[in-house]
Amino acid sequence: MAGPLGGIRVIELAGLGPAPFAAMVLADLGADVLRIDRPPATPPGDRRVNPWDVLNRNRSGVAVDLRSDDGTELVRDLAAAADVLIEGFRPGVAERLGVGPDELRSANPRLVYGRMTGWGQEGPLAPRAGHDLTYLALSGVLAHVGRSGQPPTPPLNLVADFGGGGMLLAMGVLAALVERSVSGQGQVVDAAMVDGSALLMAPLFGAWSSGFWSVERGTNLLDSGAPFYDVYECSDGGWLAVAAIEPQFYAQLLEGLGLAGDESLPDQNDSSRWPELHDRIATVIATRGRDEWAALFDGVDACVAPVLTMGEAPSHPHAVARAAFADVEGVPQPAPAPRFDRTPADAPTAAVEGADAVELLADWGIDTER
């Protein structure tokens, strides 16, 4: 793989969600990632491409039984030749399997050992199960997501699993690799989804403390309370996203909606009349279809955009111009990001289930007989 991480070797102990996402990001950027799958897996020699498994793209794996001494010894030897190891077990599990950081770093002090958990390596909740929604609940995120008068709304599993989890782990691994270039030593990276979710809320914690942010959902600037920062239904059932916060963008919005100069219109920042302003904007937007509005606001700095589905987004002219999506074995998916001018990443390749273990492990120094 080409990319800025070319030459970096990563062992991924297969898991679900955020840890594979971190491994995907590293592989996208050129790291050589070897996934250690759990048996039972694809029978030896049965190599299958799975283009729908986007999370495991750009890498292959071998099945290793970590409950056996031979399996544990194999992972230890692989880690001795690696720069990074990523695992997403509950605290203490890797140690019980004999592949914890102390065991692996004793043989390879330069190893960066990335750990992905929900609650972190210590604390009263550390051994407990959880999912994206529970981490959002305790980190101060979920209470503030949703519309007025409605329950908190799950924002898919993007915040804790992928933004506050997998992306945070990838960033931590990269930071540890940078530090290693100075010290020559690896270290343990403890990435917890509950920590990362709270971190993403840092600006809003400041707004809360200053009194700018209300506890009431759907009444604030960015949570659908402000009528100039919301999503509106169009005449054809499509949706239009409006984010005209700054006055110059708001003026362009009113111009496009045909409301400019209407003296009966509430002032933009009069929050006491936001419901009235919302109804006025909604009434106008409901008179045309989504794509009509998109065409009307095309080229206008009003911060207005059509709400596209996953099926539509790859075909948008801006996405096409930037090659923001790749087609891998007939499956459209986001291209590697960010972009690099000198060491650009390759186009992604489909995930592989099963592999020729002899060939794959030989590249890691494991002999054929073993």
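Modeller: What follows is a set of questions and answers on a predicted model, covering a helix, a sheet and some salt bridges.

Biologist: How many of the residues of helix α1 are buried?

Modeller: A residue counts as buried when its relative accessible area is under 20%, and the buried residues of α1 include P18, F21, M24 and D28. Their cover includes the strands β1, β2, β5 and β6 together with the helices α6 and α7. Helix α1, residues 18-28, is therefore largely enclosed by the rest of the structure, the buried residues numbering 11 of the 11.

Biologist: Which strands stand at the edges of the open sheet, and why is one side of each left without a neighbour?

Modeller: The open sheet has six strands with parallel pairing, in the order β4-β2-β1-β5-β6-β7. Because each edge strand has a single partner strand, one side of each is left without a neighbour in the sheet, and the strands at these edges are β4 (60-63) and β7 (188-192).

Biologist: What angle does the direction of α7 make with that of β7?

Modeller: Strands β6 and β7 run parallel and are joined by five bridges, and T117 has A192 in β7 as its bridge partner. Helix α7 packs on the sheet, where it touches both β6 and β7, and its direction makes with that of β7 an angle of about 70 degrees.

Biologist: How many residues apart in sequence are the parts that D32 and R9 tie together?

Modeller: D32 and R9 form a salt bridge in which the closest N and O atoms are 3.3 Å apart. Since D32 lies in strand β2 and R9 in strand β1, the pair ties together parts whose separation in sequence is 23 residues.

Biologist: Is R9 buried or exposed?

Modeller: D32, with 30% relative accessibility, counts as partly exposed. For R9, the cut-off for buried is under 20% relative accessible area, and the value for this residue is 18%, so R9 is buried.

Biologist: Which residue meets R370 in a salt bridge?

Modeller: The side chain of R370, which is partly exposed with a relative accessible area of 46%, takes part in a salt bridge with an N to O distance of 2.7 Å. The pair links distant parts of the chain, 293 residues apart, with R370 in the segment after α13 and its partner in helix α2.

Terms used
Residues numbered from 1 in each chain as written. Predicted model: local features only at pLDDT ≥ 70, side-chain atom pairs only at ≥ 80, totals over all residues. Heavy atoms only, no water. Buried < 20%, exposed > 50% of the residue type's maximum accessible area, 1.4 Å probe, protein only. Helix = DSSP H or I, 4+ residues; strand = E, 2+ residues; numbered from the N terminus. Contact = heavy atoms within 4.5 Å. Pairing = 2+ DSSP bridges. Axes fitted to C-alpha atoms, helices over the stretch in contact; angles between N-to-C directions. Salt bridge = Lys/Arg side-chain N within 4 Å of Asp/Glu carboxyl O.
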